[in-house]
Amino acid sequence: QSRRSTGRASPVTFATDVCLAHPPECDGPDHFTSRMLPRTYALRSGRRVEHHAGVSVMLVSKHGDTHAFDWTNLLHWSSAMLYSSLVVQSNSFELRARLRAASAASRGRANLSALGRTLLPTIPASTSVVHCSGAESSGTPAYMARGAHSEMFALLAQSASLSIANALGIAAPPRPPLAICTPRLIHCFDGLLSFQPKGGSSFKDRLGRWNREMLLTGRMQQAGPNLLAAPFLAAAYRLAGSSPPAVVLPRPRRRVVLLTRRTQSRWTNRPEAVRELRAIATGAGVGFVDAGDAEALGRTNLPGGGACYAARPQLELWRDAWLVISVVGAHESNLLFMPSWPKAAGLLESTNCGFFTDSYSVLARAVGTGHHKAQQLNARGRQCRPSTSQDYNVLNSPREMDLRNDTLGSLLRRLVLLQPAPLATNATGLLPGKLHPFLAARQASRARAHWQRPAWQRQRL
């Protein structure tokens, strides 16, 4: 067995002539017990062995620092797929050199010139897989996740694999074949790329560290598109049967889209809130689209019963938006497909008082789009203090969207009036370090009153 790594602290591991053994039973979401084996040991094990030519890629998602490998959370899956793509793109020269050296060392025994399988070992073989029906279906496999089938998981995994093949300079099929966990099966590979699934923190946190490293080293701009993400996004659009933002120019160009939730942070007075938000947008000459609830976006009914979520409607809604207003939820992971700043203002995220997450600002930074955080004010009309943990009871609680006690309205007014809109704002509704609009107006009023006094009174003051 020959193992080659990109370096001491590299997040990417490249191994040749290696096998992966699945456990007797594919585990639940809190375990990952598949083991790496030398090919010689695997052939003597007496278990069924599948051989895969080319460079295969193993992709998993991970929550926090614990052994939580629940792949059904779209936020963590999106973060893992994007991170895996970006970290290979940013190390492409070194990885290409390793690949050439491994190919020469194999003396023609290994085929390392093409992409092999995309291995998803945390998805059990018992997972139901269908293809969405109707014209909106992209032909991508739809895995059962949290009560419904969705194309997004397979599409993001295949996009990551195609981006990795692009970075390595190897050939790839139009749709990379996927391999999920099959009990007691052993996969053997000519070459395998993996991303330390059992060690380290969550992929969302790894993505945040990657963002900071790229900014500090000057390999990513403070504002604007992240060119390293372009192959991943281009693959996703193609797999979904859609076109990238540069090809499609929606009318009107500045369009605000509202996307709410039925099952999380539900607005009990939604019709009234829609009227008020629409008035703010249209009053500034900006288009406004009420896209309904995220639970209905891209949903189709299967002939045998059940629901299936097609990827294309989701990608295209976010692709065509200048600004998306939405409550916190995994559906916000689709901000990956928004145009980069300053072509789009990005995501305006509405949060309940007492809930805080930086997950979607990390994703936005990684692809170069904007992120803005609005928050419900507390009973005293003041800004809620950020929670040290994510209180999901607060997140899931329905509430009245009262723009008088929320920074959402003031922040929307600012975004639609400024050209270009700022790249990021915090929960006060202004750029980080700025005052809430109410406090700023009060200070301005006091300043005007001060300078309207006679000079002798100002000197005494």
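Biologist: Which charged end sits over the ring of Phe-203?
Modeller: That's Arg-206, whose charged end is 4.1 Å from the ring centre of Phe-203. For a charge to sit over a ring, NZ of Lys or CZ of Arg has to be within 6 Å of the ring centre and within 35 degrees of the ring normal. Arg-254 lies over the face of Trp-322 too, at 4.3 Å from the ring centre.

Biologist: Before we go on, what are we looking at here?
Modeller: It's a predicted model, where local features need pLDDT of at least 70 and side-chain atom pairs count only at pLDDT 80 or more, while totals for chains, interfaces and linings use all residues. Residues are numbered from 1 along each chain as its sequence is written, and side-chain values use heavy atoms, with hydrogens and water left out.

Biologist: How many helices and strands are there in the protein?
Modeller: There are 13 helices and 18 strands. They are DSSP runs numbered from the N terminus, with helices (H or I) having at least four residues and strands (E) at least two.

Biologist: And how much of the protein is buried?
Modeller: Buried residues come to 55% of the 461 residues. Buried means under 20% relative accessible area, exposed is over 50%, and partly exposed is in between, using a 1.4 Å probe and protein chains only. As for contacts (heavy atoms within 4.5 Å), take those with a separation of 6 or more: 73% of them involve residues 24 or more positions apart.

Biologist: Back to rings. How many aromatic pairs does the count come to?
Modeller: Six aromatic pairs. The rule is that rings of Phe, Tyr and Trp (its six-membered ring) pair if their centres lie within 6.5 Å; planes under 30 degrees apart are stacked, over 60 edge-to-face, and the rest tilted. Take Trp-71 and Tyr-143: the ring centres are 6.1 Å apart and the planes are at 80°, so this pair is edge-to-face.

Biologist: Where do those two lie?
Modeller: Trp-71 is in the loop between strand S4 (49-58) and helix H2 (74-90), and Tyr-143 is in strand S7 (residues 142-145), so the pair ties together parts that are 72 residues apart in sequence.

Biologist: Is Trp-71 buried or exposed?
Modeller: Buried, at 6% relative accessibility. Tyr-143 counts as buried as well, at 5%.

Biologist: What about Trp-77 and Phe-153?
Modeller: Those two make an edge-to-face pair, 6.1 Å centre to centre with 65° between the planes. Trp-77 is in helix H2 and Phe-153 in helix H4 (residues 152-168), 76 residues apart, and the pair links those distant parts of the chain. Trp-77 is buried with a relative accessible area of 0%, and Phe-153 is buried at 4%. Ring pairs link Trp-71, Trp-77, Tyr-143 and Phe-153 into a cluster.

Biologist: Which residues is Met-144 in contact with?
Modeller: Leaving aside neighbours within four places in sequence, Met-144 contacts Trp-71, Thr-127, Ser-128 and His-149. Met-144 belongs to strand S7 and is partly exposed, at 31% relative accessibility.

Biologist: Switching topic: what volume does the largest pocket have?
Modeller: About 970 Å³. On a 1 Å grid over the protein atoms alone, a pocket is an open set of points with protein on both sides within 12 Å along at least five of seven lines, a cavity is a set where a 1.4 Å probe fits but cannot get out, and lining residues have an atom within 4 Å of a point. Points are joined across faces, edges and corners, and the volume is the space filled by probe spheres set on them.

Biologist: Which residues lie nearest the centre of that pocket?
Modeller: Leu-74, Arg-146, Arg-261, Ala-330 and His-331, out of 41 lining residues. The lining divides into 18 nonpolar, 16 polar and seven charged. Here Ala, Val, Leu, Ile, Met, Phe, Trp, Tyr, Cys and Pro are nonpolar, Asp, Glu, Lys and Arg are charged, and the others, Gly among them, are polar.
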